[in-house]
Amino acid sequence: MNSKIGVKILSTGSYVPEKILTNFDLEKMVETSDEWISTRTGIKERRILDKSQVTSDLAYNAAVKAIEKAKISVDDIDLIVVATISGDAPMPSTACYLQKKLKAFNSTAFDISAACSGFIYGVTVVKGLIQSGLYKRALLVGVEALSRVTDWTDRNTCVLFGDGAGAMIFEASETEDDIVSAYLGADGSFTELLNIPAGGAINPTTEETARQKLQYIKMQGKEIFKVAVTKMAEAAIKVQEKAGLKDEDITLYIPHQANLRIIDAVAKKAGVNKDKVYVNVHKYGNMSAATTIVALDEAISEGIVPKGSLVELVAFGAGLTWGACILKINF
Ligand code: ACO
């Protein structure tokens, strides 16, 4: 690792599909109500990709915006990392589909799988690969087409998820280091709390797995809720401690947008100033790997992240995985 190499963040971009599915629409699909969804989760609506779109199209739209803002050419990108659990296909990677769409053929491309923590895992992977001196300019995308792995007859899950994508461009720098701190965790003893049971080696797809709808997300919501609050609060504190920073140094907190009650409980447990916590879960629901980066891009475009701000992202997801990072936004 060449400790003299820093990582500069050049830009962000995001894209959500046009189609809006409201809680009232869901009332017509399953036995639920706007009141139940709003009070239990804070979600009012979510975006759903069009039949003609796939995951890499969402990623492409977010990436193009970030590339334009960074004022770089696709030919300058030598690393593409895509965080997703709802990619175009089990094989090859969504990063390769995205590379083809972008025509960014000077790049290495691969996916990472860490569910809702995927973007923060990606930040850490990109940081390591740039600091090693192996790559100079990276595109990281957090993207999900969760509507394609959701059982639309299961009210326990279908009210929670949405589709979207966010992108960030990084560059090696001798003078700046915008990834101020990062912290990751995982505990594989909780794999069964949140998973897609079929379509892998454990349960290869058969007519029977399809009949049982095992190709869709299954979740034990109550158990996840408890671990989510504990681990996200822990990550929020540890990432600050690692950098010797305090609550007053952070301009904005962007927690994973799964559930407003989880966000409130984490803020309380971690002792962070609630006024600095960004929330957009009411508009998009849980977009897994896309949530934190879409929220960051929105916050920047709303003008609430002045140049030089420190922004703390915190997330939690299937695995179970969790993580946090503090980013300096200098553009
Ligand atoms: N509408 C109406 N009633 C519902 C719905 C619905 N959409 N869904 C469940 N219910 C019912 C349940 O069946 C249950 O009824 P019962 O008491 O008769 O059995 C009742 O509502 C209460 O259900 P609970 O599970 O106790 O509700 P809870 O308050 O725990 O909220 C929720 C459920 C929103 C899922 C919550 O547990 C949660 O948010 N958990 C965390 C999920 C999460 O954050 N996942 C993140 C990771 S996602 C990823 O990595 C891809």
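This is a predicted model: local features need pLDDT of at least 70, side-chain atom pairs count only at pLDDT 80 or more; totals for chains, interfaces and linings use all residues.
1. A polar contact is here a pair of N or O atoms within 3.5 Å.

2. Residues are numbered from 1 along each chain as its sequence is written, and side-chain values use heavy atoms, with hydrogens and water left out.

3. The ligand is surrounded by 25 residues (each with a heavy atom within 4 Å of the molecule), and the closest are T32, R40, C116, K222 and N259. T32 places a polar side-chain atom 2.7 Å from a nitrogen atom of the ligand, and a side-chain N or O atom of N259 is 2.6 Å from a ligand oxygen atom.

4. Helix α8 (residues 221–243) packs with helix α9 (residues 260–270) at an angle of about 45 degrees, their axes being 9 Å apart (axes are lines fitted to C-alpha atoms over the stretch in contact, and angles run from 0 to 180 degrees between N-to-C directions; helices are DSSP runs of H or I with at least four residues, numbered from the N terminus). That angle makes α8 oblique to α9, a class left over once angles under 35 degrees (roughly parallel), over 145 (roughly antiparallel) and 65 to 115 (roughly perpendicular) are set aside.

5. Helix α3 (residues 55–70) and helix α4 (residues 94–102) pack at about 55 degrees, with axes 9 Å apart, and are therefore oblique to each other.

How values were computed. Helices (H or I, at least four residues) and strands (E, at least two) are DSSP runs, numbered from the N terminus. A polar contact is a pair of N or O atoms within 3.5 Å; within protein, one must be able to donate a hydrogen and the other to accept it, and residues adjacent in sequence count only if both atoms are side-chain atoms.
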